[in-house]
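Hello,

My notes on it follow.

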Amino acid sequence: MLTIAIANQKGGVGKTTTAINMATAMAATGWRTLLIDLDPQGNASTGMGVGSESRDQSSYDLLVDEIPLADAMIETSIPGLDIVPATQDLSGAEVELVTVEERTARLRKALANHTVHDVCFIDCPPSLGLLTLNALCAADTLLVPLQCEFFALEGLSQLLQTVEQVQQRFNPSLDIIGVALTMYDRRNRLTDQVSDDVRECLGSLVFETVIPRNVRLSEAPSHGLPALVYDHSCTGSRAYIALARELIGRFPPERKAA
Ligand code: ADP
Ligand code: MG
């Protein structure tokens with residue numbers, strides 16, 4: 001299984017929207033896909049239509065009580081896509097894990113030797129705390145959604161520093177598969193300027209596909225559906241399909257097919 005953490009310590013940059021729709025796009029093309037909701041807010045779970053009544057087991061139990069992965073995941077309405085939902089008690093995990101040994105390796109252990117899925121997306125919370133560290137230690141690679149706004153690059157340098165520390169201490173093979181520009185607004189000149197800066201600074205690390213600002217993407221979660229199901233032909237959905245294609249193109253050769 002190829003594990004991809006979707007992280008950026010800023011909130012509201014499109015992590016969850018990207019996680020939901022990339023996972024859906026991959027599942028739709030035959031990849032057995034797992035989505036792990038690692039944000040106590042549980043937006044990925046809600047957005048996939050998993051109500052709080054069906055979150056008996058969650059990523060909290062996976063990390064804190066070390067229950068088996070198979071017991072923590074449930075099927076979504078999308079064939080081929082399973083989810084480990086999140087509940088609010090996950091916010092307590094940041095504190096509860098502080099005193100345990102190998103506290104950054106809990107998720108990595110939970111996912112070890114898991115062969116039921118081909119690909120796994122981890123939706124991270126908006127911080128660089130213990131939950132995101134667990135994701136970075138468990139992941140093969142990192143996908144960074146970046147909103148084209150002022151200070152976007154500054155936030156990114158902090159994230160890159162954390163990645164470097166994780167590489168040095170815990171997960172030497174962690175890499176960055178790409179940076180995806182989100183909520184792109186062609187009519188906004190600042191968007192263009194920031195996008196130019198980001199591309200100049202990061203080069204080919206930035207995906208060519210950009211995710212436009214699209215109201216359908218923001219409506220979909222309230223229906224408990226990925227945008228790709230809610231309206232598969234809107235500009236946002238089409239962009240995520242293109243991004244998924246570009247993402248697969250960057251997979252290591254032995255991982256390029258489901
Ligand atoms: P994060 O997980 O990084 O906090 P979200 O994916 O939850 O970010 O996005 C923040 C808000 O912006 C949500 O209400 C979401 O529906 C909306 N949103 C995300 N991407 C887009 C987009 N491309 N166009 C319009 N709205 C978007
Ligand atoms: Mg989120």
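I start with strand 4, where the bridge partner of D82 is E75. Strands here, like helices, are DSSP runs numbered from the N terminus (helices: H or I, at least four residues; strands: E, at least two).

Which residues of strand 4 point which way? L81 and I83 point one way, D82 and V84 the other, and all are buried (20 or more other C-beta atoms within 10 Å of the residue's own, with C-beta atoms placed from the backbone; 12 or fewer is exposed, in between is partly exposed). Across the chain, 47% of the 258 residues count as buried.

The chain has 12 helices and 7 strands. Its C-alpha atoms fill a box of roughly 50 × 40 × 35 Å along the principal axes.

On provenance: this is a predicted model, in which local features need pLDDT of at least 70, side-chain atom pairs count only at pLDDT 80 or more, and totals for chains, interfaces and linings use all residues. Residues are numbered from 1 along each chain as its sequence is written, while chains are lettered from A and ligands numbered from 1 in the order in which they are written. The chain averages a pLDDT (the predictor's confidence in each residue, from 0 to 100) of 95, and 100% of the residues score at least 70.

Regards

Terms used:
Two strands pair if DSSP finds at least two bridges between them.
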